[in-house]
Protein chains: 2
Amino acid sequence: MTDVEQRRCTLRERKRRAVQDDVAAIAAELFVANGYEATTVEQIATASGLSPRTFFRYFANKESVITHMFETTGADIADALAERPSDEEPWIALRRAFDGLIRQLTEQPTAVPLIRMIYDTPTLYAGQLRKQAQWSETIAKVLASRLPQSLAADERRLRAGALASAGVACLEYARLEWIAGSGKGEIAKLVDAAMSAVSPLPGQ
Amino acid sequence: MTDVEQRRCTLRERKRRAVQDDVAAIAAELFVANGYEATTVEQIATASGLSPRTFFRYFANKESVITHMFETTGADIADALAERPSDEEPWIALRRAFDGLIRQLTEQPTAVPLIRMIYDTPTLYAGQLRKQAQWSETIAKVLASRLPQSLAADERRLRAGALASAGVACLEYARLEWIAGSGKGEIAKLVDAAMSAVSPLPGQ
């Protein structure tokens with residue numbers, strides 16, 4: 001692939017992603033207003049100004065619209081983690097790496113009803129759990145570089161995986177509590193409390 | 001219900017459970033030998049000396065045989081946790097409460113191929129993840145009583161939930177590593193290493 005072809009390809013991918021983001025945002029409103037089961041692909045397509053045929057060029061089915069919403073979450077957390085100061089303790093760096101997702105949840109008006117809907121729909125909940133297991137793996141890869149290089153590779157991988165899984169478990173538990181309280185509390189504080197119950201965070 | 005009726009009921013329940021345990025053990029061998037998809041309910045029933053009709057009195061379907069195998073795991077861990085000395089640190093008590101499951105995994109010859117099969121079968125994996133989320137809840141209820149009574153009830157619930165979820169996440173990660181190594185290493189040591197990567201355990 002030439003440079004020009006590569007740039008064109010990336011541009012096409014970005015455009016595709018922008019359309020997917022728009023459709024997902026519209027679908028989120030429909031899901032929240034009418035329920036997941038009651039919302040059809042046709043309704044999502046119409047509300048998005050697409051024909052059903054075009055919709056299927058962007059999403060394989062209704063469930064993949066939900067999947068798309070959390071598509072990059074694991075990678076986003078991993079990217080944020082990579083940006084943290086290299087001398088920051090892994091658990092603290094992980095907590096800070098969750099800030100982007102926390103901000104997103106707080107700012108998105110449909111977040112609470114949408115996540116509640118995911119918890120209440122068995123197939124979506126199963127997909128969400130699978131996704132979170134993948135987040136942990138993605139995060140663990142970046143986290144491993146923060147652990148002592150003197151450790152054997154498999155020991156480092158185990159520790160990074162454990163830290164990432166435990167951190168995501170705390171994040172998830174805090175999010176559950178936040179949703180249970182209808183999003184009234186501050187999710188950032190719940191995540192702080194959850195993570196510091198397991199291992200100290202400064203200032204907690 | 002009179003006392004006699006209650007005892008009879010419990011006895012019936014115990015017998016039912018004993019049959020289910022036997023069928024599950026036989027099914028585990030068939031699954032491991034021939035694969036999950038390729039094993040039919042008829043084969044499980046025949047190998048167990050039951051008619052398919054009788055099989056369905058004990059299990060709703062093939063998947064529920066798998067579910068049965070981990071039916072009491074969460075409650076078993078919670079029971080073990082309740083038995084730990086009351087002054088033991090929650091994280092340490094949690095680690096010790098995993099010992100029963102670890103022993104079971106180590107002693108059961110079909111454990112490694114069976115769990116690998118669950119990971120490799122999307123519907124079973126989804127069920128497993130759902131189950132583990134339930135374990136955390138069951139464990140958290142017992143763990144809460146180990147946290148300072150001076151804490152507000154919802155703060156205590158959050159901390160217990162975070163500890164339980166993080167502990168189960170470490171257990172699960174260690175189990176994954178153990179399976180990836182074909183069960184050759186010591187799972188107990190992997191769980192120790194995973195949990196102590198997140199928060200210190202004595203002697204690690």
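In the predicted model, α1 (3–34), α4 (62–69), α5 (73–83), α7 (99–107) and α8 (111–120) of chain B each contribute at least two residues to the lining of the second largest pocket. Among these helices, α1(B) gives the most, with six residues. The volume of this pocket is about 470 Å³. Its lining comprises 24 residues, and those nearest the centre are B:His68, B:Met69, B:Phe70, B:Gln104 and B:Gln108. Sorted by class, the lining of the second largest pocket holds twelve nonpolar, seven polar and five charged residues.

The largest pocket has a volume of about 1200 Å³. It is lined by 44 residues, of which A:Ser165, A:Ala169, B:Leu129, B:Gln132 and B:Ala169 are the closest to its centre. Two or more lining residues come from each of α9 (122–143) and α10 (153–180) of chain A, and likewise from each of α9 (122–143) and α10 (153–180) of chain B. The largest share of this lining is that of α10(B), which supplies twelve residues. The lining of the largest pocket consists of 24 nonpolar, seven polar and 13 charged residues.

The contact between the two chains was examined next. Chain B contributes 27 residues to the contact, and chain A contributes 27 residues. About 2200 Å² is buried between chain B and chain A, with carbon and sulfur atoms giving 74% of this area. On the side of chain B, the residues B:Leu158, B:Tyr173 and B:Val198 account for 27% of the area that the chain buries against chain A, more than any other three residues.

Two salt bridges are found across the interface of chain B and chain A. In one salt bridge, A:Arg157 is paired with B:Glu177, and the closest N and O atoms are 2.9 Å apart. On chain B, the elements that give two or more residues to the side touching chain A are α9, α10 and α11 (187–198). Of these, α10(B) gives the most, with 14 residues. The side of chain B that touches chain A is made up of 19 nonpolar, three polar and five charged residues.

Technical notes: Residues numbered from 1 in each chain as written. Chains lettered and ligands numbered in written order. Predicted model: local features only at pLDDT ≥ 70, side-chain atom pairs only at ≥ 80, totals over all residues. Heavy atoms only, no water. 1 Å grid on protein atoms, 1.4 Å probe; cavity = no way out; pocket = protein on both sides within 12 Å on 5 of 7 lines; lining within 4 Å. Points joined across faces, edges and corners; volume = space filled by probe spheres on them. Helix = DSSP H or I, 4+ residues; strand = E, 2+ residues; numbered from the N terminus. Nonpolar A, V, L, I, M, F, W, Y, C, P; charged D, E, K, R; others polar. Contact = heavy atoms within 4.5 Å. Buried area = accessible area lost by both parts, 1.4 Å probe. Salt bridge = Lys/Arg side-chain N within 4 Å of Asp/Glu carboxyl O.
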